[in-house]
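Here is my note for your first pass through this model. Keep the sequence and the 3D view open, and take the points in order.

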Amino acid sequence: MFKLCYISLFVLLLMVSVSAQQPDNQTIFSTKNGKVTFRSDAPLELITASSPELRGAVDISSRSFTFSVTNRTLKGFNSPLQQEHFYENYIEAGSYPVSTFKGKIIEQTDLTIPGNYQVRAKGILDIHGVAQERIIKVNMQVKNGQIAVTSEFLVPLSDHNITIPRIVYQKIAEEIVVTVEAVLTGGTKK
Amino acid sequence: MRPFIRYFLFFFLSVTLYPVRSQHIDFIEMAGKEQLAGATVTTVFQDSRGFIWIGTNQGVFVFDGFEYRSINLPEAFVNAAVSCIACDQNQNVWLGFSDGKIAFGHEQGFSAFSPDEGLPKVPITGLLFTADSTLWFSTYGEGLYYFSKKRLYNFNSGDGLGNDYLYSLADGKNGSVWVGSDAGISLCSVQKNKKHIDNFSATEGIPDLIVQKVMTAGEEGIWVGMQEKGLSYFDPEKKSFTTPEGYQWDFGPVTDIIDYGGLLIIATDGSGIIEVSLGNARTVSGIRNNFSSGKRVVKLLKDKEGNLWSVSSGSLFFSAGPGLRYYKEISGQSLGTIHALYAATNGRVYFGNDKGLFALRTLFNNEHELTQLLPSQSSGGPGITSIFMDETGSLWAGTFGNGLYRFAPGSHTAAKVTDSNGNLNNNILGITGNRDVLWFATLGGPARCNIVQDQNGGFSFGNFNSGSGPGNNFIYTVRKGRNGKFWFGTDGKGLVSYENGRFSFPEPGGAFPARVIYSVDEDIDGNIWTGSSDEGVFRIHKNEVTNFSLSKGLRTNKITSVISAPQNQIVVVHDLGIDLINSRTGQVSYLGIKAGIEDLNADLNAVSADASGSVWIGTQDGIIQYTPAFMNAMKVPSTTIRNVSVFLSGGSAKPGDVFPYSSNHLSFEYIGLWYNSPSKVTYRIMLEGHDPGWVPTGNRVAVYSNLRPGNYTFRVQSSVNSDFSFASEASFPFRIDPPFYTRWWFIVPVILLIILLAYLILRSRINRIKREQQLLKEKAESEFQLLRSQVNPHFLFNNFSTLMAIIEEDKNVAIEYVGKLSAFFRNILEYRDKELIPLSEELEIAESYIFLQKKRYGENLRIRIQTEEKFLNSLIPPLTLQLLIENAVKHNIVSESRPLNVSIRSEQDTLIVENTLQLKKTPEISTGMGLENIRSRYRIYTKREIVIHETEKSFSVYLPVIIKKGEGL
């Protein structure tokens with residue numbers, strides 16, 4: 001877990017150093033307290049959990065981004081036992097402490113100009129140690145030197161080798177709805 | 001025999017290089033703004049069923065050879081420009097738009113393609129489906145996408161793609177695709193969920209990095225069309241580009257490439273269409289420039305018939321493709337009627353027209369070398385009727401009335417060859433020969449000479465006229481057959497062959513079915529084909545003769561020429577055009593009107609096949625070059641059922657549908673697609689289960705209504721002629737359900753219901769009859785009771801006692817009393833049989849009874865009658881009142897101290913008989929039948945019951961008033 005955190009920190013630092021080459025532009029926007037929510041709407045049970053500790057950064061000059069969340073920060077399960085099952089049996093937070101999504105925005109949108117943009121983020125979604133290439137629709141609102149990011153997408157459990165015991169099949173959805181809300185602020189002005 | 005040989009020299013020679021523009025592919029404008037509701041054509045595509053889809057800046061149209069149908073697209077697509085079209089394995093058509101959207105559907109309707117991942121915001125430049133059904137599309141700005149297992153993936157420069165600006169897309173092998181971009185070409189594939197990209201550009205030797213078109217070339221590599229440097233070939237095995245040499249590409253950007261097999265048709269932006277003929281090892285052997293569909297050509301399409309379509313200047317153009325070329329004029333001078341034609345092995349085509357004898361040679365570039373060998377008739381030249389080049393290279397030209405000319409090998413100088421013995425007739429209609437001898441078809445019988453010149457440089461001729469020859473002197477044609485055989489077409493003896501010094505007829509008995517044979521040729525299988533003047537074409541296969549005429553699909557039986565062509569085709573020339581027979585299957589087709597072939601009026605045997613696979617045909621208006629390999633001329637119209645609609649239901653039905661009996665009005669819209677000559681396609685249809693056989697029709701819609709329930713299959717075939725044995729067929733099975741009222745699940749319950757109803761009705765009738773009988777019985781009983789009560793001896797005794805008393809007092813009153821008594825009894829007798837009597841009459845009876853009783857009881861009996869006037873006509877069972885009064889008197893004390901009050905009054909719809917209740921101490925013996933009788937008699941006539949109301953002081957009977965029918969109160 002420390003190792004992965006270290007890596008994502010390293011990526012962030014790398015971006016910072018890349019952006020440092022463009023001293024006049026504020027190109028990297030980041031957050032440490034974005035909100036990520038997941039919702040499993042199964043026939044017998046609705047489970048939602050969210051984490052307020054989504055870390056993320058977007059470099060608007062290269063249009064690359066990275067987002068990560070520590071799995072154990074997801075809270076709000078229906079019972080402590082359920083939370084324990086989630087951590088230990090499904091997401092296996094011991095082996096795979098962090099879920100990440102990093103890549104590049106497809107559109108050639110100029111995010112320095114304030115406005116609302118719907119863009120497609122193409123990247124690698126790494127959950128449960130299984131990396132999948134995904135294109136995810138994202139709304140970006142650029143305003144007052146901040147970028148508000150919202151997105152909703154589906155994560156099929158089968159994509160990431162998360163197997164559900166047959167006995168709880170009716171209680172956990174095969175596709176998890178993930179929503180992301182984050183406000184990224186420019187922090188690398190030099 | 002010393003032949004006199006005279007050389008007649010022409011010092012007449014001219015060699016000219018003419019820019020011949022006429023032999024290019026002739027495009028005609030098919031659809032522009034006028035046909036397409038003001039829209040500008042952007043692309044064209046043929047779907048798997050054969051329909052032509054026309055993409056425009058305002059939606060998409062479907063063309064079937066007749067009309068341009070505008071296709072409804074979802075709202076968001078209405079004003080979007082179509083940039084590319086593709087077709088999937090399920091016959092769905094996919095449209096890519098220049099704003100990045102994608103739609104899919106069919107003629108009846110389209111839906112937006114909207115994957116969760118969203119769609120590009122840049123133009124879609126190419127759409128295709130690989131063999132594994134994966135959808136790929138290239139974009140101008142976002143790289144390449146593929147859609148697999150309901151998820152969209154992207155290849156772009158971030159993944160290693162050379163460039164994100166892609167111009168075109170082509171199918172590679174094994175699920176891979178080629179793309180062309182500003183950075184050369186790339187081969188993209190997905191293997192085990194991992195993207196593979198191979199970029200090929202400058203390192204591999206691409207001449208120009210900007211690749212606007214990639215096209216898969218056969219099994220091996222791809223053709224690359226570039227921005228500036230034209231054409232290049234990439235071999236993926238060797239990983240190297242090869243650019244055909246020997247020409248200078250100065251035609252601008254390549255926008256599209258079509259491969260006709262040895263001939264590439266290239267669309268350019270600025271220089272029209274470039275045709276590149278390829279020799280061995282993809283070297284360029286010729287190049288032509290064609291502007292007939294405009295300069296800026298953006299898209300080409302080779303349809304299933306081999307026709308070539310092009311999109312240029314916002315319009316759609318059509319041509320028969322490179323398979324048909326026309327040589328109508330050279331340098332502004334029309335070639336006119338071609339009298340004789342010969343395609344020699346030296347690559348030249350020799351022809352004779354009214355202007356003389358010419359040699360035509362196609363040069364590498366867009367030019368032809370035309371050499372005049374003999375002058376026109378008007379300037380003293382001969383009329384050429386036959387041309388032949390023997391194996392030594394000498395050219396022979398036969399004339400009509402002017403004998404024979406010979407050009408020594410390589411010479412352009414003509415020498416007239418004459419024979420003083422007169423063995424060679426001056427009218428020479430045909431020449432052929434082998435290494436040793438030449439044969440001539442003349443109007444003086446067959447003639448022959450040895451090619452080897454004699455000592456004087458002359459030729460000796462032998463003639464086979466009527467006596468020694470085929471029995472007729474008019475010989476129209478001669479052709480060399482196999483094994484030293486020669487074939488002659490005669491004007492009266494049909495087809496004659498010559499072998500080993502003997503003339504013979506191919507059929508035993510010596511009579512060929514047609515007397516006049518104009519032309520003959522042998523196909524590669526050794527079959528002999530002849531064209532007759534009046535009876536069509538005959539095929540001779542091992543002495544078995546088969547006739548091809550109108551009934552087999554030829555358009556006429558008057559055949560000008562037949563000649564064997566590549567691809568097992570027999571080209572049949574006649575005045576209406578060119579028919580084709582497949583020499584192996586016997587299928588008949590023709591070169592269509594859209595291809596520009598009509599009313600040829602060709603001269604006899606002005607046809608010749610060259611070594612490179614073309615047939616040259618002389619017509620009254622120049623020369624046609626037909627290359628079977630570049631066309632699919634034997635393709636039959638592809639029959640397809642376009643739509644099946646149920647009357648008034650709007651929607652379209654699917655094969656295997658079951659229709660209810662009520663919506664039994666089906667219309668089938670079908671078409672045999674044949675863009676060559678759409679209007680010449682005829683149909684035959686059959687509804688299996690309804691029609692006993694095929695029904696020929698020219699309509700493209702068939703309507704059936706009021707079909708009986710059952711299983712049906714609608715079948716339709718289309719053909720370009722009367723022969724349907726090679727036709728393609730489309731069929732549509734369906735079922736009409738029987739109406740609900742013939743189904744067991746309806747009939748059985750209905751029968752049960754009817755039985756139940758009948759039973760209920762019967763039972764109620766029986767009950768009523770029983771009840772009526774009961775009532776009748778009761779009535780009879782009541783009458784009997786009444787009678788009995790009236791003749792009660794006490795009543796009589798009382799009356800008599802009273803009478804005795806009166807007689808003594810007053811005789812007159814006694815008489816009146818007896819009168820009343822007898823009236824009373826008469827009334828009883830009179831009314832007892834009646835069922836109902838008016839109340840007024842009943843009151844009369846009651847009064848006479850009251851009179852009698854009054855006489856007995858005097859003032860002790862007080863009877864009051866108060867009935868309203870309107871009740872007097874109402875009805876009442878007879879003697880009811882009398883009975884009630886009698887009952888009152890019978891059971892109650894009537895005395896001076898306790899007088900009995902009886903009142904009869906009406907109240908609303910009730911008649912009330914009330915008496916004071918002062919029962920006698922010793923009750924009268926009562927059967928209780930009186931009241932009960934009244935009650936049951938009333939039941940016969942009214943539903944209302946009589947009501948008996950008894951209090952301590954009074955006893956009342958409420959009688960319902962019965963009203964006469966038709967009269968109210």
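1. At what angle do helix H4 and helix H5 of chain B pack, and how far apart are their axes? The model is predicted, so keep that in mind throughout. H4 covers residues 839-857 of chain B and H5 covers residues 880-891 of chain B. The packing angle is about 25 degrees, and the axes lie 8 Å apart. H4(B) is therefore roughly parallel to H5(B), because angles under 35 degrees count as roughly parallel.

2. Now look at who makes that contact. H4(B) contributes Glu842(B), Ile845(B), Ala846(B), Tyr849(B), Ile850(B) and Gln853(B). H5(B) contributes Thr880(B), Leu881(B), Gln882(B), Ile885(B) and Val889(B). By class, the contact of H4(B) with H5(B) has 7 nonpolar, 3 polar and 1 charged residues.

3. Stay with H5(B). This helix has 12 residues. From its first C-alpha to its last, H5(B) reaches 17 Å, close to the 16 Å expected at 1.5 Å a residue.

4. Is H5(B) largely enclosed or largely open? Of its 12 residues, 9 are buried, so H5(B) is largely enclosed by the rest of the structure. The buried residues include Thr880(B), Leu881(B), Gln882(B), Ile885(B) and Val889(B), which also belong to the contact with H4(B). Leu883(B), Leu884(B), Asn887(B) and Ala888(B) are buried too.

5. Turn to the strands of chain B. Strand S8 (residues 93-97) and strand S9 (residues 102-106) run antiparallel, joined by 4 bridges. Trp94(B) stands opposite Phe104(B) in S9(B). The hairpin of S8(B) and S9(B) has 4 residues between the strands. Check Gly100(B) in that hairpin: its phi is positive, near 95 degrees.

6. Which strand pairs with S9(B) over 4 bridges in another hairpin, with 2 residues between? It is strand S10 (residues 109-112) of chain B, and the pairing is antiparallel. The hairpin of S9(B) and S10(B) has 2 residues between its strands.

7. Next, find the open sheet in chain B. Its 4 strands have the order S11-S12-S13-S14, with antiparallel pairing. The edge strands are S11 (124-129) and S14 (151-155), and each pairs on one side only. From one strand to the next, the twist averages 20 degrees.

8. Zoom in on one pair in that sheet. S11(B) and strand S12 (residues 135-139) of chain B run antiparallel, with 5 bridges between them. Leu127(B) has Phe137(B) as its bridge partner in S12(B).

9. What does chain A contain? Its secondary structure comes to 2 helices and 8 strands. From the N terminus on, the elements run α-β-β-β-α-β-β-β-β-β. Chain A has 190 residues, and 35% of them count as buried. Among its contacts with a separation of 6 or more, 61% link residues 24 or more positions apart.

10. Finally, look at where the chains meet. The contact takes 10 residues from chain A and 10 residues from chain B. On the side of chain A, strand S5 (115-127) and strand S6 (130-143) each supply at least two residues. S6(A) gives the most to that side, with 3 residues. By class, the side of chain A that touches chain B has 3 nonpolar, 1 polar and 6 charged residues.

Definitions and conventions:
Residues numbered from 1 in each chain as written. Chains lettered and ligands numbered in written order. Predicted model: local features only at pLDDT ≥ 70, side-chain atom pairs only at ≥ 80, totals over all residues. Axes fitted to C-alpha atoms, helices over the stretch in contact; angles between N-to-C directions. Parallel < 35°, antiparallel > 145°, perpendicular 65-115°, else oblique. Contact = placed C-beta atoms within 7 Å. Nonpolar A, V, L, I, M, F, W, Y, C, P; charged D, E, K, R; others polar. Pairing = 2+ DSSP bridges. Expected span 1.5 Å × (residues − 1). Buried ≥ 20, exposed ≤ 12 C-beta atoms within 10 Å, placed from the backbone.
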